[in-house]
Structures are given as structure tokens and as C-alpha cells.
Amino acid sequence: MKRILNSLLFKVFCGIVIGIVIGIFNIEWLNRLLLTFKGLFGNFLGFTIPLIMMGLIMPAISDLGKNSGKLLLITVAIAYAFTLFSGFSTYFVSDALFPSLLQGEQLKVLEEQQASTLTPYFSLDMPPITSVMTALLFSFIVGIGLSFREESTLNSVVKEFGDIVKWLITKAIIPVLPYYILAIFAEITFSGQVVSIISVFFKLIVILFIMHIVLLLIQYVIAGGVAGRNPFKALLTMLPAYATALGTSSSAATIPVSLRQALKMNISQRIAGFVIPLCATIHLSGSTMKITACALALMMLQGMPYNFELFAGFILMLSVIMVAAPGVPGGAIMAALGILNSILGFDEKLQGLMVALYIAMDSFGTACNVTGDGAVALIIDKIAKTKD
């Protein structure tokens with residue numbers, strides 16, 4: 001019970017409920033206070049996004065290079081291919097299902113709908129030190145450059161900067177998110193749109209759970225075909241890791257269980273000990289699925305134009321960024337906020353709704369990620385045995 005009460009999901013749920021109640025009672029001074037807090041934290045979030053991207057991507061890429069080898073490159077390639085498949089298949093399925101699923105649900109532009117008299121007490125601009133794309137390109141250049149250097153003072157600086165950014169996410173941003181979401185839902189309820197949002201939440205949770213199961217079946221059929229193993233038996237073997245991830249919402253925290261179950265699939269100790277911890281960081285098929293589907297749903301609700309070319313660029317970039325997502329609850333969506341803004345045009349309010357949607361389904365996505373790690377390990381184990 002204590003773990004449940006302290007979980008981020010429970011806190012976000014409470015934030016949504018309390019926000020709706022506050023919006024219903026329509027207490028003007030309280031709504032203005034929450035609007036002020038939302039504006040300040042939203043501006044702070046915008047300021048930190050380039051820092052988060054640089055702090056996560058630079059050390060992630062440089063570390064991959066330092067352990068470089070053919071097996072590492074193959075593992076990264078397979079994890080990236082699985083993640084890309086997840087993103088593109090999610091887009092096509094969502095584009096086919098969501099128009100009928102969300103029929104009659106129309107979320108008008110939030111700024112046009114919010115009460116004209118409701119304004120924050122004050123605001124404070126916090127411009128980011130650089131643009132998202134500049135931060136992304138800079139991170140790639142520095143990370144790739146460091147990956148070719150055996151020893152570098154800059155690498156120590158980059159690693160320490162990454163540790164600071166992870167501290168920022170886990171101690172200063174994630175704990176405040178439930179209050180931020182509370183403020184967002186208070187404003188949405190105040191503007192009379194909460195029914196549409198909650199309805200979409202439940203529909204997306206159901207459809208994404210089904211899509212996660214189908215994705216895992218496909219991954220294990222592929223892995224079973226490559227490794228010459230029964231895919232369904234292998235998937236059943238990894239179910240304890242799935243159940244553990246549902247409770248922890250953290251890929252990193254599930255590594256011991258994932259490793260144990262990988263060994264039960266007769267994967268060698270050497271390969272399991274290498275692939276499982278690595279894939280806990282670089283293989284996020286479930287997270288990519290959630291972000292892609294939720295982003296498309298919100299764009300449909302807002303009446304924002306979209307096409308395959310737009311989402312193709314988004315998915316390709318998202319799959320790279322997911323490599324840098326830390327193994328903490330909510331880490332993947334924090335790393336993705338930058339391209340949600342720069343590529344899809346998500347403003348502060350839509351980013352807040354994305355965070356709420358993502359965290360509401362965080363444990364399901366994490367469970368899909370870690371269970372899929374077993375499929376990657378099966379393929380790598382077969383490749384390694386072939387080479388031996």
C-alpha cells in the first residue's frame with residue numbers, strides 16, 4: 001500500500017481528480033493561483049528541455065562508443081529497428097482506428113476556450129539557452145566525438161552534467177508534475193472540456209494495452225524464428241519481468257528479474273548480462289508506441305494538420321532520443337518533449353496533457369519495453385553462437 005501511495009501514477013491520478021474538483025467549484029482566486037503556478041512551471045520546463053536533451057544524449061552516445069564492438073552495434077541496431085517498427089506500426093494503426101474511435105470527441109483550441117477573465121497573478125519569462133534542434137545537433141556531435149576517444153577530460157564533464165540532469169528530472173521535475181497536471185486539469189474543467197479529455201484517456205488506455213500485447217507477440221515471433229525457439233514459450237518465460245515492470249514503472253529497477261528470466265530461456269550468461277542491462281536503456285518500443293499514439297490522438301482532437309511525412313520525421317527522431325531516456329518513471333516523455341514542440345508544434349498545454357497521458361500508462365509501456373528485451377537477447381544469443 002505504501003508503494004502504491006508513493007507511486008507517480010497514483011499522485012498523477014490524484015492530481016487529475018483534485019484538478020477536476022477545483023475546476024468544478026470554480027473558485028476564481030484558486031484557479032488564478034493554479035494558473036500562475038502552471039505558467040511558471042511550464043516556462044521552467046521549457047527552459048530545461050534543451051538541457052535535458054544535452055545531458056541525456058551526450059553521455060548515452062559516448063558510452064555506447066566506448067564499449068564498441070560488433071555485438072554492441074548489432075544489439076543497438078536491433079533495438080532501434082524494433083523501436084522504429086513500433087513507432088511506424090503505431091502510426092498506421094492509430095491513423096486507421098482513431099478517426100472512428102474519437103468520433104464525436106473534439107477538443108477545441110484550448111486558448112480560445114479558456115475563460116477570458118481568468119489570468120495568472122503574474123508571469124516570468126524563462127527563455128531556454130538554445131533551441132531544441134541546436135541542442136540535439138550539439139549533443140550528437142559531442143557524443144559521437146567522445147565515443148572515439150579512449151580518455152577525455154570532456155567525457156568526465158559530460159558524464160557529470162548528465163548526472164546533474166538526471167537529478168533535475170528525478171528530484172525537481174518529476175515530483176512537481178502531479179501538481180502541474182492538477183493545474184492543467186483545473187483549467188480544462190474550468191473551460192468545460194474535461195469530459196472529452198477523460199473519455200480519450202480511457203479509450204487510449206484500452207487500445208494501447210491491446211497494441212502492446214500484439215507488438216510483443218510480433219517481436220517474439222521474429223526472435224523465435226531467428227533463434228529457432230518457440231516464441232510463445234519464450235514470451236511466457238518473460239512474464240515475471242512484465243509483472244515486475246508493472247509495479248515499478250522502471251526498466252532499470254526490473255533488470256534483475258529480466259536477467260533471471262533471460263537465463264531461464266537458456267540464453268548464455270555472457271549475452272544476457274550484456275544485452276539485458278543495455279536494452280533497459282536503448283530499447284523502448286512500448287514508450288515509443290505510447291508517445292506516438294497519444295501525440296496523434298491529441299492532434300486529431302485539436303484539429304491540427306498532420307501527415308505521414310510529418311510523423312515519419314518525428315518517429316525517426318523519437319527513436320534516437322529514446323536511447324537517452326533514463327530508466328526512471330516518466331524519463332522517456334521528458335526526453336521527448338523537445339521534439340513534440342519542435343516537430344509537431346505542441347505548446348505548453350498540449351505537452352502537459354501528453355505528460356498526463358503518458359504517465360497514466362507508464363507501467364504498461366515499461367512492461368512492454370523490458371519484456372521485449374528478452375526477444376532482443378534471443379536474437380543476439382543466436383548470432384553470438386553462430387559466430388562462435
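Which residues have the most contacts inside the largest nonpolar core?

**View 1. The largest nonpolar core of the predicted model.** In this predicted model, the largest nonpolar core is made up of 110 residues, and those with the most contacts inside it are Met334 and Phe346. Helix H9 supplies the largest share of this core, namely twelve residues.

**View 2. The surroundings of phenylalanine 346.** When neighbours within four places in sequence are left aside, phenylalanine 346 is in contact with Ala295, Leu298, Met299 and Met304, and also with Leu340, Asn341, Gln351 and Met354.

**View 3. A nonpolar patch on the surface.** Phe85, Val206, Phe209, Ile210, Ile213, Val214, Leu217, Ile218, Val221, Ile222, Val226 and Phe232 together form this patch, which has about 980 Å² of accessible area. Helix H9, spanning residues 194-227, gives the most to the patch, with ten residues. Isoleucine 210, one of the patch residues, lies in helix H9 and has a relative accessible area of 46%, so it is classed as partly exposed.

**View 4. Aspartate 163 and leucine 56.** Aspartate 163 lies in helix H7, which covers residues 153-173, and because its relative accessible area is 46%, aspartate 163 counts as partly exposed. Although aspartate 163 and leucine 56 are 107 residues apart in sequence, their C-alpha atoms are 8.6 Å apart in space.

Definitions and conventions:
Residues are numbered from 1 along each chain as its sequence is written. This is a predicted model: local features need pLDDT of at least 70, side-chain atom pairs count only at pLDDT 80 or more; totals for chains, interfaces and linings use all residues. Side-chain values use heavy atoms; hydrogens and water are left out. Patches are made of residues with over 30% relative accessible area and no salt bridge: like charges are joined within 9 Å, nonpolar side chains (Val, Leu, Ile, Met, Phe, Trp, Tyr) within 5 Å. Accessible areas come from the Shrake-Rupley method with a 1.4 Å probe; for residues, only the protein chains shown count as cover. A salt bridge is a side-chain nitrogen of Lys or Arg within 4 Å of a carboxyl oxygen of Asp or Glu. Helices (H or I, at least four residues) and strands (E, at least two) are DSSP runs, numbered from the N terminus. Buried means under 20% relative accessible area, exposed over 50%, partly exposed in between (1.4 Å probe, protein chains only). A nonpolar core is a set of buried Ala, Val, Leu, Ile, Met, Phe, Trp, Tyr and Cys residues joined through side-chain atoms within 4.5 Å. Contact means heavy atoms within 4.5 Å.
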